2 protein chains.
Amino acid sequence: MITVKDARALLFDLAPQMAEETVPLVKALGRVLAHDVSAKRTQPPFAASAMDGYGLRADEVSKGASFRVIGEAAAGSRFIGPVALGQAVRIFTGAPVPDDVGFVVIQEDVDRVGDTITITGDTGDNSNIRPAGGDFAEGQVFAAPKRLGPADIALLASMNIAEVPVTRQPDVTLISTGDELVMPGETPGPDQIIASNTFGLKALFDQAGAQTRILPIARDNVASLKTALDLAKGADLVITIGGASVGDHDLVAQVAADLGLQRAFYKVAMRPGKPLMAGTIDGAMMIGLPGNPVSAMVCGILFAVPVIQAMLGLPAQAPGVRQVELATDISANGSREHYMRAVVSDGLLTPLDNQDSSLLSVLSRANGLLIRPIGDPARPAGHMVDYIPF
Amino acid sequence: MITVKDARALLFDLAPQMAEETVPLVKALGRVLAHDVSAKRTQPPFAASAMDGYGLRADEVSKGASFRVIGEAAAGSRFIGPVALGQAVRIFTGAPVPDDVGFVVIQEDVDRVGDTITITGDTGDNSNIRPAGGDFAEGQVFAAPKRLGPADIALLASMNIAEVPVTRQPDVTLISTGDELVMPGETPGPDQIIASNTFGLKALFDQAGAQTRILPIARDNVASLKTALDLAKGADLVITIGGASVGDHDLVAQVAADLGLQRAFYKVAMRPGKPLMAGTIDGAMMIGLPGNPVSAMVCGILFAVPVIQAMLGLPAQAPGVRQVELATDISANGSREHYMRAVVSDGLLTPLDNQDSSLLSVLSRANGLLIRPIGDPARPAGHMVDYIPF
């Protein structure tokens, strides 16, 4: 058996890199920037007023001093001409500051009578002027790779980058296998259950940035599996669910091998999960996940999501971990890493009672996976532990 | 001036509740469940084997005992008939357990020769049988409201809920105002800058579950603003950016009032931000955000996103807060709540150097907002503080 970390490293070696494409800024949320871009302009492009007030020559600011207002500068429309001694310009937030002006007195610190203002307040040291280029200068680099969030989108807009180079979203294709499965909305026979893994995994992978397709359920026979794998052609990543273990009824590995799968088969020292298949078939990466619902989702979080992120150009790394305090005592862990479904609330983590890998109701109540290392001893309430939030 | 909390409460009072609609399960990720649903079936619908092995009568399990294998039970295809004393059924994970079988011995604990098996291992106490209904019973409630994540989607699938009742996504319409603005991709004049707020806010609101439209930029005159507000008709929430303060060039409040805005105008005791307009116009809720880029985004996070969540049927509450340790000393805060752009890394929060509300480059580097309460004293490195992650 190999460790979770080693299995993930083997998967990263197989992950294909997605090509680049260009999308309009309005479609760039959540996409991964493919290469560095640089600002097409300087922001602000001119010294700008940070406040509504009056612009003066810097050396004339003093309490009690009076000035004649000779014009106005607003956002989008500058004041043109000199500002001499004893003169002021009415100025609004975001307006270009006239060349001669070195200080903006905020309007609350001024009395105005007709065209004359008098400074009545304590103006302080802050000139209320934003220097040209204070946010960024033309050519400043916005570095890739980065998954673009709302603040990044706003920054790219202000850099005048209307079209954004991003990595293509991987086409992930899901095949669940089993004679016992029917699709949601169908009426299951007495021995059947509803296919749930594909729906949960599609949601998980779409959230990670993939475009995920669900193929028809493959039955436990060679012809049906071959049909499903044929339908998957053209995908960047083919994910099968079930049939990755060693039971007599597991055909996926055998059929995939017939179709040319360069196969690796890992027994991973973990709970839930354990069997994991990986390889390359028809130029696509393939991952075989275990069929138990919770095992499939946990292996999706631990293995497939990091692979999708690497395909998108993000660093090849494990899911982000946080520290939290245990709410209850936990017993010693055995020879496999255990990813326990847990609830984190008010800074305390409570592992859920029933950790059976078939229980989706337990997974749905959880908001994180407590990581128990191999051979971890019993831990008391209050001990700090690692978990993966979701 | 009113507090952030009071301003948010006033906004919640104005927030309209979205109607319900039905979407296919495959489109339900991130949507908010509108009302309780209940499982249409029991899972598992029958006692099922948790392992690959051999099913026996429970009272016959003992090391060294031998059994004749009389048939097979696989997932999707049960064994029919009695299992008598001395008999065993080959059984696979997920298969229905025959009526007479009370224990599944895993295959690793068995020697098989022809049709005869002998128990060779220590079978332990676990019967390896999942009881019928162990995950959930028909009729079990999945409670609303809840924003549906991948594990919820998987659980709803296994409950055979193929169509999901969710709240409609609010139609949020964004209007930025100002003579100085041009759209990304255009060439700004010497006094102009690129409209960035609408793009950042659209990303923020889409992420929160809205469907956000960007309208053409409204110029600083009555006719242009009226046109924009006319174009916004039919929206559930109209958000204007800029023109919410008290400067001479701020026309939004005046024009909106002419169009029948039932207006509330708040000076909120906060940095960045302060001016906030809210009301109802033509049956839609309206929020006026400040025009500084960072103020607009921060007010979007603190006010508009919680409003959108409330519209979606989620609890009306403040953004989620986490605790973290300060990396550096910080000075005392004044009379307004301060939401400082900060970087949280390795469990330590560092406020960014320049907190000017025009700096999108600083906001894009940040991954959280440090919350400084009104009158908060100076705090040393190591002190625990509240922040809003993003």
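Modeller: Two strands count as paired when DSSP finds at least two bridges between them, and strands (E, at least two residues) and helices (H or I, at least four) are DSSP runs numbered from the N terminus. This is a predicted model, in which local features need pLDDT of at least 70 and side-chain atom pairs count only at pLDDT 80 or more, while totals for chains, interfaces and linings use all residues. Residues are numbered from 1 along each chain as its sequence is written, chains are lettered from A and ligands numbered from 1 in the order in which they are written, and side-chain values use heavy atoms, with hydrogens and water left out.

Colleague: Which residue stands opposite T280(B) in strand 21 of chain B?

Modeller: M285(B) does. The two strands concerned are strand 20 (residues 275-281) and strand 21 (residues 284-289) of chain B, which run antiparallel and are joined by 5 bridges.

Colleague: What order do the strands of that open sheet have?

Modeller: The order is 16-13-17-21-20-18 in chain B, 6 strands with mixed pairing. Strand 16 (211-214) and strand 18 (262-267) of chain B are the edge strands, each pairing on one side only. Angles here run from 0 to 180 degrees between N-to-C directions of axes, which are lines fitted to C-alpha atoms, for helices over the stretch in contact. With direction ignored, neighbouring strands of this sheet are turned by 20° against each other on average.

Colleague: Which strands does helix 1 of chain B touch when it packs on the sheet?

Modeller: Contact means heavy atoms within 4.5 Å. Helix 1 (residues 4-14) touches strand 18, strand 20 and strand 21 of chain B, and its direction makes about 15° with that of strand 20. Helix 3 of chain B lies across strand 13 (171-176), strand 16, strand 17 (237-241) and strand 21, running at about 170° to strand 16 of chain B.

Colleague: On to charges. How many salt bridges does the rule give over all chains?

Modeller: Side chains of opposite charge can pair when their charged atoms come close. The rule asks for a side-chain nitrogen of Lys or Arg within 4 Å of a carboxyl oxygen of Asp or Glu, and the count over all chains comes to 24. One of them joins K146(B) and D152(B), at 2.8 Å from N to O.

Colleague: Is D152(B) buried or exposed?

Modeller: Buried means under 20% relative accessible area, exposed over 50%, and partly exposed in between (1.4 Å probe, protein chains only). D152(B) is buried at 5%, and K146(B) is partly exposed at 27%. In chain A, the closest N and O atoms of D376(A) and R379(A) are 2.8 Å apart in a salt bridge. D376(A) is buried at 9%, while R379(A) is partly exposed at 23%.

Colleague: How is the interface of chain B and chain A put in numbers: what area is buried?

Modeller: The size of an interface is often given as the accessible area lost when the parts come together. Buried area is that loss (1.4 Å probe), summed over both parts. Here the figure is about 5,400 Å², of which carbon and sulfur atoms give 59%. The contact involves 72 residues of chain B and 71 residues of chain A. The rule finds 4 salt bridges across this interface, including R130(B) with D356(A) at 3.0 Å, N to O. Helix 2 of chain B supplies 8 residues, the largest share of the side of chain B that touches chain A.

Colleague: Where is S358(A) found?

Modeller: S358(A) is in the loop between strand 24 (348-351) and helix 7 (360-365) of chain A. At 10% relative accessibility, S358(A) is buried. A polar contact is a pair of N or O atoms within 3.5 Å; within protein, one must be able to donate a hydrogen and the other to accept it, and residues adjacent in sequence count only if both atoms are side-chain atoms. The side chain of S358(A) has such a contact with that of D356(A) at 2.6 Å and with that of R130(B) at 3.1 Å. Not counting residues up to four places away in sequence, S358(A) touches N292(A), P293(A), V294(A), R130(B) and D135(B).

Notes
Buried area = accessible area lost by both parts, 1.4 Å probe.
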